[in-house]
Amino acid sequence: IFTTSTLGCSSDLTSIVINPQPSTPPTPILSSITQPTCDQATGQLTILNYNNAYTYYITPSIGVSIDALGNISAPAGFYTIVTSNATCESIAATFTINAQPVAPMLMIVSTQNSQCNGNVGSVVLRTDVPSVITLNGVSLTASTAPYEVTFTGLAAGFYTASAVSENGCDALVTFNITNMNSSLTALATVNNPLCNGETGNV
């Protein structure tokens, strides 16, 4: 570049260098998401085009981790992720982690003990959400509030019932049915005859 005056004089040439445009790093390509389960609170996914020469920024970042292979673990929420080469950032990718499914609460409302060695015990069970409740291989559906079911014909013994909610999470509860009046002992007094002709009694 040079300058020319109105008198026709020109300045010395000065060189200017325009650097090439910095390269923009690639947008993260994300795998399908393994959403939280009843036993796992965080979702899992992977950056398929992960390159440890770049830095990856996830927003928000609380509770989020990325390992050296590009595997991401994150709690429930909506996220954006960009790739940075310290000069430029990529176009953002997004992903959503669903809330962790909640297990039902399975409670014992009441029990009725068995009597006289018979199968006449019973139990009333309740959950806090619609569930299928199973006891001794028998399943009953609690579909409307207060989500109670009754199992009858129970002999004395220890039992474990399970409840599975609509989201697939389960809960267990144990209880005991006892046998009331399982044995009776007859008590009697015998009066033997004292003389000929008298009778005994009991």
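# Briefing: an all-strand predicted model

Within strand β6, Ile97 is the bridge partner of Gly77. The model is a predicted one, in which local features need pLDDT of at least 70, side-chain atom pairs count only at pLDDT 80 or more, and totals for chains, interfaces and linings use all residues. Residues are numbered from 1 along each chain as its sequence is written, and side-chain values use heavy atoms, with hydrogens and water left out. The chain has 15 strands and zero helices; strands (E, at least two residues) and helices (H or I, at least four) are DSSP runs numbered from the N terminus.

**Whole chain**

- Of the 202 residues in the chain, 25% are buried, where buried means under 20% relative accessible area, exposed over 50%, and partly exposed in between (1.4 Å probe, protein chains only).
- The chain exposes about 13,200 Å², and 54% of this comes from carbon and sulfur atoms; accessible areas come from the Shrake-Rupley method with a 1.4 Å probe, and for residues only the protein chains shown count as cover.
- Among contacts (heavy atoms within 4.5 Å) with a separation of 6 or more, 46% are between residues 24 or more positions apart.

**Strand pairing**

- Strands β5 (residues 77–84) and β6 (residues 93–97) pair in the antiparallel sense over five bridges,; two strands pair if DSSP finds at least two bridges between them.
- Strand β6 has a covered face made of Ala93, Phe95 and Ile97, while Thr94 and Thr96 form its uncovered face.
- In a regular strand the side chains alternate between the two faces of the sheet.
- An open sheet is formed by three strands in the order β1-β4-β3, with antiparallel pairing.
- The edges of this sheet are β1 and β3 (65–66), each with a single partner strand, so one side of each has no neighbour in the sheet.
- Strand β4 (residues 71–74) is joined to β1 by four bridges, and Ser73 in β4 is the bridge partner of Gln44.

**Nonpolar cores**

- The largest nonpolar core has 17 residues, and those with the most contacts inside it are Leu106, Leu125, Ile133, Leu135 and Phe175; a nonpolar core is a set of buried Ala, Val, Leu, Ile, Met, Phe, Trp, Tyr and Cys residues joined through side-chain atoms within 4.5 Å.
- At least two residues of this core come from each of β9 (121–127), β10 (131–135), β12 (148–154), β13 (157–165) and β14 (170–177), and β14 gives the most, with four residues.
- A second, separate core of 12 residues includes Leu45, Ile81, Ala93 and Phe95.

**Surface and salt bridge**

- Ile1, Ile16 and Ile18 form a nonpolar surface patch with about 390 Å² of accessible area together; patches are made of residues with over 30% relative accessible area and no salt bridge, with like charges joined within 9 Å and nonpolar side chains (Val, Leu, Ile, Met, Phe, Trp, Tyr) within 5 Å.
- Ile1 belongs to the segment before β1 (43–46) and is exposed, at a relative accessible area of 65%.
- The structure holds one salt bridge, the term meaning a side-chain nitrogen of Lys or Arg within 4 Å of a carboxyl oxygen of Asp or Glu.
- Glu148 and Arg126 form a salt bridge, with 2.3 Å between the closest N and O atoms.
- Glu148 is in strand β12 and Arg126 in strand β9, so the pair ties together parts that are 22 residues apart in sequence.
- Glu148 is partly exposed at 34% relative accessibility, and Arg126 is partly exposed at 31%.

**Loops and backbone geometry**

- Thr59 and Pro60 are joined by a cis peptide bond with omega of about -5 degrees, and Pro60 lies in the loop between β2 (55–59) and β3.
- Ala145 and Pro146 are also joined by a cis peptide bond, with omega of about 10 degrees; Pro146 is in the loop between β11 (138–142) and β12.
- Ala86, which is not a glycine, has a positive phi of about 80 degrees.
- Ala86 sits in the loop between β5 and β6 and is exposed, with a relative accessible area of 78%.
- Asn136 has a positive phi near 55 degrees; this residue is in the loop between β10 and β11 and is exposed at 57% relative accessible area.
- Gly168, in the loop between β13 and β14, is partly exposed with a relative accessible area of 49%.
- Gly168 and Thr37 are 131 residues apart along the chain, and their C-alpha atoms are separated by 9.0 Å.
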